[in-house]
Amino acid sequence: MIRVNPALNTVVKNVWSTVGSVLSNLRQPGKGSSMLVGVLLVTTLAMSAANLLLPVDSPLYVSTYTITLMGKYLCFAMLAMAVDIIWGYCGILSLGHGAFFALGGYGMGMYLMRQIGDRGVYGNPDLPDFMVFLNWQELPWYWSGMDQFWFAVLMALAVPGLLAFVFGWLAFRSRVTGVYLSIMTQALTYALMLAFFRNEMGFGGNNGLTDFKDILGFDLQSDATRVGLLLVTTLLLVIAILTSRAIVQSRLGRVIVAVRDAEARSRFLGYRTEHYKVWLFVYSALIAAVAGMLYVPQVGIINPGEFSPLNSIEVVVWVAVGGRGTLYGAIVGALLVNYAKTRFTAIMPDGWLFALGALFVIVTVYLPQGLAGLLQRFSGDKPEQAAGRELDSDASNGVSGREANA
Amino acid sequence: MNSLNEFTGQARELMRRDTTWPFLVPRRRSPDVSKNVILYLEGLSVSFDGFKALNDLNLYVNDGELRCLIGANGAGKTTLMDVITGKTQCDSGSAWFGQNIDLLAHDEAEIAQLGIGRKFQKPTVFEAHTVFHNLELSLQGSKGVWSALTAKLSGAERDRIDEVLNIIGLEKARFQMAGALSHGQKQWLEIGMLLAAEPRLLLVDEPVAGMTAEETERTAELLTSLAGKHTVIVVEHDMEFVRSIARTVTVLHQGSVLAEGTMDQVQNNRDVIEVYLGEEA
């Protein structure tokens, strides 16, 4: 930088400052999500149009398989965001969020199961196939009403929400924190998995619920329904992002971060920290349940495998890769890791778990703040940024700051 | 028959006209200090696995007073603060805030809302928030989940934050992350957070630990200026500092009060010289 043409220098400087301002914009709490919302909407709309309007042999045609895959990814992204809200913002590491996802999924699955009607293998108009197979004579009481869409949706939200409330209330009121809480969430999802594996539970045992025909009268196999499901998923994800951002940016969000960093301090300021934790946990569980509800019609099956603790741990990896406490980080992380999974399992099916493990180790060691943190570090090194920061703090701060670090 | 009598007794007690049912009493009450005493601690005992952290402790603090608590390590100073703020349950005794509020019947959050603020030994601020937001979170007002979601900063609250920033001398650091403050500044910010809540009683645990001489001096000024409007109880090891601010000093030893009086009286007290200042004097 010794002898550079001054004109070129100003141009470079301008470019840097533009890049810097865009990146620093991304660093504001929840700011990156507006950009992400835009990208999500444009991408899914373009994909839908390409699927429905273009002929199959067009180079820009998007296959229905891809549409469904994208819908699945977006469901996972929503689940990842749910985990990010409580882990990234409140420091509650839940290793059992798959439970709420799966419960939401089962709620939707029960509705879809009832929609099959007499088109099942055994042709029984009331009983789903697996019940006929088990020689059951009538529908169990908890299946009643599930043929109504509104009721099924209500149940698919109420059951996980209530479970999260009871679990959270018991755990947070007893001030269970840290690794103990994580183990309890893990136990919760494991217990549910074992319960749902049992045929007597009336949820299809290890086969789960599948062979769905239609949703709200629309054929699940048709392209238009698939595209519609993708668009609904995108829309609900966007709503979830905007709601979560509003929460995070309100005073409530600041109290939640305060609880994460100094719970005792918040308590002695008069905040009932356990109430905050419980309600945030319920909110997060509800988002996970919505994700599960959207997931089931798109993949066409829900079984107890979704309760597997491994699934929940995988979600944590997505969030860690994307970056905790940023909302957009979790979504980007979920999309990237799942895309990698699809690609990787096609090439080397046995290698995926090793790759996932390696990814987690690398991120933990080298990128503790995930990709979002990388973005911040990248933008943080810009000369304008550094200068700006020095202006903010007066000289005495610098000196005593170093003192405190020593 | 006996139990029936008991029951009617209880029922009569419940229907008394001169009292109010407990759940109808408003949560936020201000302490009654008509006798000029804000804190009554009587016969407090706390033991941890047989170790008596507090042993039949009696202490009265006047309204608007600046009281210093001194004592060797393990004398029970921090345990005493834990009991007052509801963190630790005591085995026996009573603790009243004014004449009308039983502190032992409330938990930490309620006691904080009643107007007792506490500064920790290790400065504890919300490092991921700016100084401004740290003070915002500390403001008096409803601390419920729903009200936090819909909260908007009013003009008066903004003024209050500015005022506190002015008192603690952090106006310039307003938008700085609290985590980036120096140790001394964090101590002040934490005191500022207590002030923003406008408490009646401030419990300050070792406010000058790790401060430079100049910072210590400013802290002493700050604490003396607070007395009068607030009641301040300071726990401190630094005897010079205590001498510079104290009007009344209480010496704790093995969980109970050993001596009380002005700094000179305390220093000339035979018992105190024996157990605490012995090595120094």
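## Backbone and packing report

A:Leu327 counts as buried because it has 29 C-beta neighbours inside 10 Å; a residue is buried if 20 or more other C-beta atoms, placed from the backbone, lie within 10 Å of its own, exposed if 12 or fewer, and partly exposed in between. This is a predicted model, in which local features need pLDDT of at least 70, side-chain atom pairs count only at pLDDT 80 or more, and totals for chains, interfaces and linings use all residues. Residues are numbered from 1 along each chain as its sequence is written, while chains are lettered from A and ligands numbered from 1 in the order in which they are written.

Most residues other than glycine have a negative phi.

| Residue | Phi | Loop |
|---|---|---|
| A:Leu327 | about 65° | between helix 12 (309–322) and helix 13 (328–347) of chain A |

Helices (H or I, at least four residues) and strands (E, at least two) are DSSP runs, numbered from the N terminus.

Chain A contains 17 helices and 4 strands, and 40% of its 406 residues count as buried.

In chain B, the axes of helix 4 (residues 131–138) and helix 7 (residues 183–196) come within 7 Å and cross at roughly 35°; axes are lines fitted to C-alpha atoms, for helices over the stretch in contact, with angles running from 0 to 180 degrees between N-to-C directions.
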